[in-house]
Amino acid sequence: MSSQQYLISGILLVTLLAFVWGRWRYDLVAMFALMSSVLAGIVSPDEAFQGFGHPAVVTVAAVLIISSALRNAGVVDEVASRISHLTETPVLHIAALTGVVTVASAFMNNVGALALMLPIALSTAQERERSPALILMPLAFGSLLGGMMTLIGTPPNIIVASIRAQESGEPFSMFDFSPVGLPVAIIGFAFITLLGWRLIPRARLEYKEDASALAAGVYLTEAQVPASSPLLGKTLGEVDGLDEDNVEVIGVAGKRRFARAVRAGYQIAEEDILILRARSDDLKAFLDQHGLELRSTATPTFIQPSPDNEIMAEGVVRNDSPLIGRGVEFIRRQTGRTLALVGLARQGRPVTQRLRQQIFRAGDVLLLHGDSESVDQQFGSLGLWPLMRRPINLNRTRKIALASGIFALAIGLGIAGVVTLPIAFILAVGAYVLTGILTTRQIYDDIDWPVIVLLAAMIPVGNALTTSGTTQLVADSLIQVTEGLSIPLILTLLLVVTMLLSDVINNAATALVMAPLGIAMANTLGVNADPFLMAVAVGASCAFLTPIGHQCNTLVMGPGGYKFSDYWRMGLPLEILITVISVPAILWAWPLHG
């Protein structure tokens, strides 16, 4: 081995150990590896930051932004409303939600797909009085399975496609992964739904009432009926959602009138103000379904925050708060008319009067609309303990068809070769901003910057493995170790090693390390490199044994109440099953001599 090969091998070994140890965040570890490679003279200074402009990095960032846009537009809420009746039994519940996230993960980043479905999973589990652990691990694993089906489903596929382009001049296309990923996803989904969830420890599957959900309370809010609402002319008794105890209409007011109680036969008219009592999660769905406009106590002199900074924030009235014994007008004066009351939750007694008539008490939970840059200071002056912030999307019109159409057009442009996928996705992001589905602030807020830094830093390091001849050296060594074995067995070994590596380090880093190794092994054997690249792509996405191998697994660990050792119980048989299925599928779709 040359001195450069020793150096890059040592840097990579230390980097992998640091990933496994987890003492430092993975983006910092990746940047350390890059800087060490530059100082060692393995990566030139001119090439050190080229990874930030790499198509794989741009694509990952754009997909995360698009995921946020689809959420803002109400696409996922629409899906959730259509599958809510499919959660009656545990198997149906798991199948419905895991099926949606598996399909969604094929066309958007799997982390984004899981993040969209996570609140739906938690709310439906609470509604059905089931432990979140029953749903969340299958959901996370389903997102990983779905990501294998297309180019954009998961970062390893994008990375492997880019490395193939460097090697042969042509990347994998959008659906080149489908002949292998689709059967793996279908059989993996069937395993998770019918058997896998039963392997989760029984202690995690015991339902425990969610104290945080109880603490949130039921808000009193007001919604106005616009001319475009489908409720016009209907009676209250004919309104969907009011017969399920999720949303209650406790009164109706005109634009300037006090609220009055009404019966089920009351006919809804334009500009009626419905006085609603509901949880915030149920409220958004109700407003979207019926085209209602959320109202606040804002007056014409209210200083509307910019779309980039507006936010909903929840706060509890402290015992020493100056709000106690006062009403909405005090909030207006105290904040210079920059904060407006949207909802009020009160424990112990029902709230029936309109918001502008309320007198605040200690322990009240207020839902307020204001500017994100000043809300913390305003909460301090009002004597409120902050609970959480919510995206200001309760009063935004759903644009499901528009958002879906923009996304479909971007995919179509990429598949047709009119523009590259990174360009198509950047154009889609621009369209989302122009149509108001995304704000300019959200573009940057919704990017997972540590993942971007990880990819950008590890790409030059991965390239250095190839340029220094290290990957070819390791490939030759593996060929010698496996001498006498058939090529399918060598391919299986590559897949298994990639799986194990992906279970302990980030899957993107795994793909960056193993893809050049797979190409080198194929070259040494004198066969087509594509089966080896596909084995790396599948193995890098199979992080089912630990919560640290993939962000999806990490996302569900806390809400699901899982322990580190819970994952392998369902993950190990799933990885064995995937190995048995994927190797024949790879060899069928990508012949060794083609």
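Leaving aside residues up to four places away in sequence, Ser143 touches Val101, Ser105, Asn110, Leu114 and Cys552, a contact being heavy atoms within 4.5 Å. The model is a predicted one, where local features need pLDDT of at least 70 and side-chain atom pairs count only at pLDDT 80 or more, while totals for chains, interfaces and linings use all residues. Residues are numbered from 1 along each chain as its sequence is written, and side-chain values use heavy atoms, with hydrogens and water left out.

Ser143 sits in helix H7, residues 132-147; helices here are DSSP runs of H or I, at least four residues, numbered from the N terminus. Ser143 counts as buried because its relative accessibility is 0% (buried is under 20% relative accessible area, exposed over 50%, with a 1.4 Å probe and protein chains only). A polar atom of the Ser143 side chain lies 2.6 Å from the backbone oxygen of Ala140.

On to the nonpolar cores, meaning sets of buried Ala, Val, Leu, Ile, Met, Phe, Trp, Tyr and Cys residues joined through side-chain atoms within 4.5 Å. The largest one has 140 residues, and Phe141, Phe425, Tyr432, Phe532 and Ile578 have the most contacts inside it. Apart from that core lies another of 25 residues, including Val252, Tyr266, Leu276 and Leu287.

Helix H14 spans residues 375-382, with Val375, Gln378, Phe379 and Leu382 buried. These four cover an arc of only 105 degrees around the axis, so they fall on the same side of H14; the arc is taken from the directions from the helix axis to the C-beta atoms. Exposed Asp376 and Gln377 are carried on the face turned away from the buried side of H14. Just after H14, Gly383 adopts a positive phi of about 75 degrees.

Conventions:
Helix = DSSP H or I, 4+ residues; strand = E, 2+ residues; numbered from the N terminus. Polar contact = N/O pair within 3.5 Å; in protein donor to acceptor, adjacent residues only side chain to side chain.
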